[in-house]
Amino acid sequence: MLEFLLFSSDEARLRALARQMLALVNAARANPRYRDETGGRARPLQWNPRLARVAWAHSEFMRRRHELMHDGPHGWTPGKRMRRAGLAWSAYAENVALANGIRDAMQLFMREPAFQPNHRANILNPRYTEIGIGIAPAPHHQLFITQDFLRPQ
């Protein structure tokens, strides 16, 4: 099993990539091309540091297991992981990806069919107001990416 040692520069790089991905998500939500899907109501998502820690922990879990999944240890769903972190929500969603970079992941998500319950819909859904993104390194210079979305209670 391949293990990665994260040094402070690696952690800083992964945090910077997560912030860059936030900008890509918010750009998609503001893009007039997707107005029919958002109804023009998708406001920029606010960064939630606690939600980002939940997302990062899940990306790390996927890295250790070497597979994509939504349910974490003990069968915990994204909603259970969020509640365990003290986050109260009225709605939540999660996107996960194994990709060569954040732009590749966003392209994969946004190429999905419109008006379907999928990753694209999670990104464009105006109900969500907060996001946390966690990124962990994967073999072959890829990244495990978790985007957690929520609307607080």
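In the predicted model, Asn 48 caps the N-terminal end of helix α3, with a side-chain oxygen 3.0 Å from the backbone nitrogen of Arg 50. Such a polar contact is a pair of N or O atoms within 3.5 Å; within protein, one must be able to donate a hydrogen and the other to accept it, and residues adjacent in sequence count only if both atoms are side-chain atoms. Helix α3 covers residues 49-65; helices (H or I, at least four residues) and strands (E, at least two) are DSSP runs, numbered from the N terminus. The 17 residues of α3 reach 24 Å from first C-alpha to last, close to the 24 Å expected at 1.5 Å a residue, where the expected span is 1.5 Å times one less than the number of residues. After α3 comes His 66, with a positive phi near 60°.

Residues are numbered from 1 along each chain as its sequence is written. Local features need pLDDT of at least 70 and side-chain atom pairs count only at pLDDT 80 or more, while totals for chains, interfaces and linings use all residues; side-chain values use heavy atoms, with hydrogens and water left out.

The buried residues of α3 include Leu 51, Val 54, His 58, Glu 60, Phe 61 and Arg 63 (buried: under 20% relative accessible area; exposed: over 50%; partly exposed: in between; 1.4 Å probe, protein chains only). The buried residues of α3 pack against β1 (46-47), α4 (78-84), β2 (89-99), β3 and β4.

Two aromatic pairs were counted, with rings of Phe, Tyr and Trp (its six-membered ring) pairing if their centres lie within 6.5 Å; planes under 30 degrees apart count as stacked, over 60 as edge-to-face and the rest as tilted. Trp 89 and Tyr 92 form an edge-to-face pair, because their ring centres are 4.5 Å apart and their planes lie at 70°. Trp 89 is buried at 16% relative accessibility, whereas Tyr 92 is partly exposed at 27%. Tyr 128 and Phe 149 form a tilted pair, 5.8 Å centre to centre with 35° between the planes. This pair links distant parts of the chain, 21 residues apart: Tyr 128 is in the loop between α6 (119-124) and β3 (130-138), and Phe 149 in strand β4 (residues 142-152). Tyr 128 is buried at 7%, as is Phe 149 at 0%.

The mean pLDDT of the protein is 92, and 93% of its residues reach 70 or more; pLDDT is the predictor's confidence in each residue, from 0 to 100. Over residues 1-8 pLDDT stays under 50. Where pLDDT is low, the predicted coordinates should not be read in detail.

Methods
Contact = heavy atoms within 4.5 Å.
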